[in-house]
Amino acid sequence: MLPPATELLKSAHISKPAWAVFDAAWYLARYEEARLACEGDSAVALTYYLSQGYKLRHSPSRFFDEVFYCDQNPDIVELIKAGAYQSGFDHFCQHGHRLLSPHWLFDDHFYSRLYEDMSLENLDQHGFSGRYDHYLRSGQFENRCAHYLFDPVFYRQKIAEAAQPDSALEQGPYTHYLDHLLNGGPEIQPSIYFDPQWFVDHHAGVRVSLVKQGHISALQHYLCNPNPDLYNPVAEFFEAYYRESNPDIKNAVLMGDFRCGYEHFVKFGAFELRKPSPDIDLVYYLDMNPKARDDLNTGLVRDAFAHLRSIGLSEKLIFKKPETDLAITEAAAKRLFVTKAVNQLPNLARLKLNFTYSAPDISVVIVLFNRFELTMLSLSSLRNNFSGEIELIIIDNFSDDQTKMIHRFIEGAVIKRLPENIGFLDAANIGIQLTTAPITLLLNNDIELGYGAIKAAIARLQSAPDIGAVGGKILRSHGLLQEAGSIIWNDGSTSGYMRDGESTTPEVNFIRQVDFCSGVFLACKTASIKSLGGFDPDYSPSYYEDVDLCVRLSLAGDRIIYDPAILVHHLEYGSAASSEATAALMRRGQKIFASKHQKLLASKYVRNDQNIVYARAASANQKKILFIEDKIPLRHLGSGFVRSNDVVNAIASLGYEVSVFPLNQGSRDVSEIYSQFSDSVEVLYNSDINRLQAFLSERLNYYDIIWVTRTHNLTRIMPILEVVGILRHKIKLILDTEAISATRQAARYSLEAPEPMFNMDAALVRELSFIDHCHEVLTVSKIEANLLKRAGVANVSVLGTMKPPSPTSTGFSERRDLLFVASIHDEDSPTLDALHWFRSKIAPALAEYFEVQPILNFVGYIAPDIDLSAFSGDPNIRIHGAVADLRPYYEVCRVFIAPTRFAAGTPYKIYETASFGLPSVVTDLLATQLGWQNGDEVLSAPVAAPAVFARRIAELYNDEILWTKIRNASLRRLQVENTQEAFVDALKAVIDRVCGAKSLGSGKGRPSRKPVAVR
């Protein structure tokens, strides 16, 4: 440990740290009061500083900033007030030089992270007193960076551009920067990431502030002003935009991990290619500018943002997408598709495609007529798509191009070359008769398969005995849909559902039973299509044979399924002779089909835009449910969304068609969304309440049930339901209260006054104002069900929570610390209140029971606008935010706590905790909601007794026998009350009751399928 500041500054020892100096001339020039008191005499300046100056928060030299150091370390200020140290500089001398940053332009942590040799052990061995000492004596001369906004190499270039002599930098660029400004020189740009002139010109009041605050530069103002969120450092970075578009960064700034969003961006975000402003897309910049990519790869610049500012802007490289995407014409896309096929031929000529088999999983029938290059692209895609055994059957309709030599490029295939072109249909029937695998795939030769298409088709066909055929999402060459399942209209015409739509739209990303799937990709059970004799030869040579085959499979009792997991890129009409010939064959096929299936067509819808949504599914008797929630119920959101997610997936498992409609915008990350829902669920992630009226009008009478989650949502949508006319039609309403808000309000009021002025009856009347329109009202507990019954609600039932046990195996002695898992959606959140209560009341009481207090780990979703800065300096609380996998936390923590003082419903987090085998300490409020007993399934304490809550934590934390007892009892409780089977059965009973209930209104059903019914 170094001596105090008084001794260091008085010492004349040559080996003392470079920062441990007193610069009398600088000191008197910097502080007017010192200059007056010393009468300009530098000989007495040090004495003045040591007796008076440090009390005024003076700095001893330009290398240490007392005000900055104290502002950054308020805990040290308290130690100074207590007399432990004379000043911030005194603390830095004795301890701070080992870890803390002494100046606004030196970042100790940044310097340590950037250079591996900057460990304290290594510095000690080489005689340096901390990293700052190294930087002043050595690092700046080696052009090392010690701050994210000061680049020595860049600064040297600017000095050279200013025509300053080489000797100007003899003291090092960092020292020169400080001296140059203190000597009154103009501010020189310190790095590509900060533009001082732009900063001053574009932020009103900075010039005045520089004088008033005593800042020596625009850079110091930017790094030291108390409101960094109000200032942009350069024209190309918007601080507010960066924080709002990156909630994780916003929260990190609030937690004190970064001073501002720009600090994160320069240190990390630029490498992650995050957008610095609405108009700059760094991913697009690199994609569209090979020069930028090359310069980054060669190390010419550090990152894409630096390249844009230093090179891209001056060379006018494009950095944002055009206002409207460049339209890719289908004709151009087709040419590219064919070009890709041609480009692949040299490789395929050298490497044979291997289709040898012994017991094939699937037979693939492909009919060919010329277009060798397309065929080889399709076959290579097929082989790469599926690792299992494929029986490939090629029927060549007397091709006259390289196709006739295709056997040279393929091993193991069954290849039958016909003596003449007999047309697609007859050739395909020959192939069908040759198949031996249990599944036959009819595949075009002008396609490219998406990942896992074959595996998905096999799995879907094997998932139910009554599935006869499966098709997929067919994309045309320019990326738009050809079909997502297809519709048969009552005149015998057909259409691909959502043709010309985007492949990511919600309407095409769930499984449906459909009228038919086209022969572009049609996987069938071999026995079924052979029993029908394959395609009907009446449609020869082609067109409508696939429609007819699917209809005959359906009439035989098989279902035709559209599965979006099967993605196929198709060069539409790639093998057709001409568009006119194709159109003629289609008209002919429609006439034949209409004459053969008159009875079927009588049940189909009239062709018009209004009927598309009704005709898109062939399962007319399948009940349809619209599920309305605050947001898409993703599990990481907590706060009832986990249970809603379980409800949606359980509805789907019962065979109902369910559409999820969020009233508020949330995540649009399709990867996250689709990973959490059954593949038969339509998740309308691009909708919100502003779209609800139009949506319900478009789907009037489409749904049998509207399931509304949370009472406030019923209040929000009821005016819309009335305008649309839902209440006059045969659509049933289910209100799933999730939690009765009035009970939460009552609990909160009870915290604020001994006798709170809260009228529960009046609050319930307000909350349940539209409940008479509901056929069924659900609660999560018997307590809230009884509350509603006492309020006069008759049709109430309980739908609890599903959480089967899945306990961790870690033993008591291997665990440590506390865990609290919950979500914070707003400032009034019970969870946020619980955290503050723990910090202010419970944690201090824990000190009585622990020499080393266990740390509370808080894990869970935190809304972007939540301020958690109050917890950032607390050594007993760690805020982790949302995590992908909770299990690691449940494996290592010893006790779960839920210090929740007001809440409604039931606490899912306690069920979840119990399922992992971690015992809990909760408030009496939560124990009552659960129906669990103190000392049995949980330990509990009153909401007004933080000392008791702390004692319960200590008891459970230190007593292995009690810990094991609570763990086992809560697991047994889950096994009895929270099984998946019980949950699904209860849900089915609710839907069955509602579907059997008499409608509250009257009106017409779904649109008639008769031609005269719809105009």
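This is a predicted model: local features need pLDDT of at least 70, side-chain atom pairs count only at pLDDT 80 or more; totals for chains, interfaces and linings use all residues.
Which strands and helices cover the buried residues of helix 24?

## Helix 24 and its cover

Helix 24 spans residues 424-434, and its buried residues are Leu425, Ala427, Ala428, Asn429, Gly431 and Ile432. As for what sits over them, the cover includes three strands: strand 2 (362-368), strand 3 (390-396) and strand 6 (439-443). Helix 26 (526-531) and helix 27 (545-555) are also part of that cover.

## The largest nonpolar core

Now for the largest nonpolar core, which has 95 residues. Ile651, Trp707, Phe820 and Phe838 are the members that touch the most other members. Helix 38 (residues 830-846) supplies the largest share of this core, with nine residues.

Take a closer look at Phe838.

## A second core

There's also a second, separate core, this one of 88 residues. Among its members are Phe64, Phe110, Tyr193 and Tyr262.

Cys70 is found in helix 5, which covers residues 66-72. Is Cys70 buried or exposed? Its relative accessibility is 7%, so Cys70 counts as buried, the cut-off being under 20%.

What does Cys70 touch, once residues up to four places away in sequence are set aside? The contacts are Arg57, Val77, Ile80 and Gly88. Gly88 is 18 residues from Cys70 in sequence, while their C-alpha atoms lie 6.0 Å apart in space.

Notes: Residues are numbered from 1 along each chain as its sequence is written. Side-chain values use heavy atoms; hydrogens and water are left out. Buried means under 20% relative accessible area, exposed over 50%, partly exposed in between (1.4 Å probe, protein chains only). Helices (H or I, at least four residues) and strands (E, at least two) are DSSP runs, numbered from the N terminus. Contact means heavy atoms within 4.5 Å. A nonpolar core is a set of buried Ala, Val, Leu, Ile, Met, Phe, Trp, Tyr and Cys residues joined through side-chain atoms within 4.5 Å.
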